[in-house]
Amino acid sequence: MSYLKHDNEFGAEFDSALNELQICIQKLYSIRAIQETNENKPIRLHDSTIESSSAYSCIRAIVRNQITMGKLVDFYEKSYSDYLGGSFKSLSCNSGSSANLLAISTLMQSGRLSVGDKVIVPALSWSTTVFPLVQYGLVPVFCDANDTDYNIDTYHLKSLIKKYNPSAIMLIHTYGCPADMNQICSLCNENNMLIIEDTCESMGAEYSGRKAGTFGEVSTFSTYYSHHICTLEGGFTCFKDEELLSLAKSIRSHGWLRHLEDNDPIFSQYKELDKGFLFSNIGYNLRLSEPQAAIGIEQIKMLDSFIENRKQMAMIYSEYFQNHKDIFSFIEPLPEANSSWFGFPLVLKGRLDKQRRHFRDFLLDKKIETRPFLAGDFTIQPVMNKFQHIKDGDFSVTSAITSSGLALPCHQGLKSKDIEKILYYVDQFIKLENYST
Ligand SMILES: Cc1ncc(COP(=O)(O)O)c(C=O)c1O
């Protein structure tokens, strides 16, 4: 399978021009930073994590002909596998949604799951967590959330397992907060269920000192703009099992076998076909490009510091909302859970129960952005009419989150004074409500 290699090195003049480019990009970012110190700047839900070293690495990859599936992707994947602690191998993808599709496609094509199998999935869900299941003929069985960390309700989970005998769980670690993996893993072990961890919102989170996304068979991550790190669009599918990993490499790339060694027995079986164009699996093109991987390499270096900032912001929120538990509930991670805080979710209750619209508008008027919590109860979406599923239960927690939940900004770009400003206006809103009632 040998082809001519592209040149990546173009000599001293080229390198010196690259150096000038780097200085120019640094300058662009410092001009931006000065403008962004404006006291009245809006507080957005998310802020790009891409800074000058990421932007420079991306452009450098483009001008050096590093386009797709090369050394940068390999290095990026290895860095992320190391970040996860070494027991999982990471495959980069072009989005978190693609990562979910790749996870399910691999489990189906390997025979680990079969058409008609039931798969537990949270009702507090994301569309492309559910869609790969139904695209592959699996039957989602929706599970309610609990009202402490808004992850899956393990009591409901137990009853669904008993009643429906599911083959797997497509778990979401919700909004940065790892689910109760002690309980979930033991329930799944007892009932011979596969665990797929959709960790798209929870990169870097830990449970009992172990990274979320390393408890099941397969896990997925997103590196979309609003997430813990950003590669423009992007994601990872991570595998414990080498055979699944190898199959996923093929599915990610057209279903061909270019990742195999030249002496793999399959090539002698199909001698008449070109090794580079031998298709043995039902594939897609879900690959990440080299310039995106170049961004990712820089981003991983900063991931822990990004998460640390999120944690500090969340601490300020938590201290404040502890004193207002009569009108707000908020995500409270389990003692074993170390959240990476994708945002700061709240549910309005008591006398604020019906005030979400009013509250969000009030904050928006002060240039503070908020959003609904995840996509709310996915089981009430119109698309539900289009596929077979099981919805059994009252879903009271997911319903409350849907009608009264929202998320406040909590990200790497915020400072404590931003959170204090948000809380100042939250306080004003509470007083306004006192006044009006
Ligand atoms: C739980 C969950 N899964 C999957 C995705 C999809 O990720 P992406 O936007 O990278 O496709 C998201 C998006 O935020 C998500 O929240």
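Which of the 15 residues around the ligand come nearest? They are Gly-96, Ser-97, Asp-198, Glu-201 and Ser-222. Please keep in mind throughout that this is a predicted model.

Ser-97 places an N or O atom of its side chain 2.6 Å from an oxygen atom of the ligand. Gly-96 takes part through its backbone: one of its N or O atoms there lies 2.8 Å from a ligand oxygen. The side chain of His-227 also has an N or O atom at 3.2 Å from an oxygen atom of the ligand. As for cover, the ligand on its own has 390 Å² of accessible area, and the protein covers 90% of that.

Where does the shell come from? Helix H4, residues 96–109, and helix H5, residues 127–135, are the elements that give two or more residues to the shell. The largest share, 3 residues, belongs to H4. Sorted by class, the shell comprises 9 polar, 4 nonpolar and 2 charged residues.

I now turn to the nonpolar core. In soluble globular proteins, nonpolar side chains tend to be buried together. Here, the largest nonpolar core has 42 residues. Among those with the most contacts inside this core are Tyr-317, Phe-321, Phe-328 and Val-426. Several elements each supply at least two of the core residues, including helix H10 (290–322), strand E12 (344–348) and helix H13 (416–436). H13 provides the largest share, 7 residues. The core also reaches across a domain assignment, drawing at least three residues from domain 1 (58–298) and at least three from domain 2 (300–436).

Phe-328 deserves a moment of its own. This residue sits in strand E10, and its relative accessible area is 0%, so it counts as buried. Its C-alpha atom is separated by 43 Å from that of Ser-289, a residue 39 positions away along the chain.

Tyr-150 is not a glycine, yet its phi is positive, near 60°. Tyr-150 lies in the loop between strand E3 (139–143) and helix H6 (154–164). With a relative accessible area of 2%, Tyr-150 is buried. Leu-374, likewise not a glycine, has a positive phi of about 50°. Its place is the loop between H11 and strand E13 (390–391). Is Leu-374 buried or exposed? Leu-374 is buried, because its relative accessible area is 3%, and the cut-off for buried is under 20%.

How values were computed
Residues are numbered from 1 along each chain as its sequence is written. This is a predicted model: local features need pLDDT of at least 70, side-chain atom pairs count only at pLDDT 80 or more; totals for chains, interfaces and linings use all residues. Side-chain values use heavy atoms; hydrogens and water are left out. A residue is near a molecule or strand if one of its heavy atoms lies within 4 Å of it. A polar contact is a pair of N or O atoms within 3.5 Å; within protein, one must be able to donate a hydrogen and the other to accept it, and residues adjacent in sequence count only if both atoms are side-chain atoms. Accessible areas come from the Shrake-Rupley method with a 1.4 Å probe; for residues, only the protein chains shown count as cover. Helices (H or I, at least four residues) and strands (E, at least two) are DSSP runs, numbered from the N terminus. Ala, Val, Leu, Ile, Met, Phe, Trp, Tyr, Cys and Pro count as nonpolar, Asp, Glu, Lys and Arg as charged, and the others, Gly among them, as polar. A nonpolar core is a set of buried Ala, Val, Leu, Ile, Met, Phe, Trp, Tyr and Cys residues joined through side-chain atoms within 4.5 Å. Buried means under 20% relative accessible area, exposed over 50%, partly exposed in between (1.4 Å probe, protein chains only). Domain bounds come from an automatic or database domain assignment.
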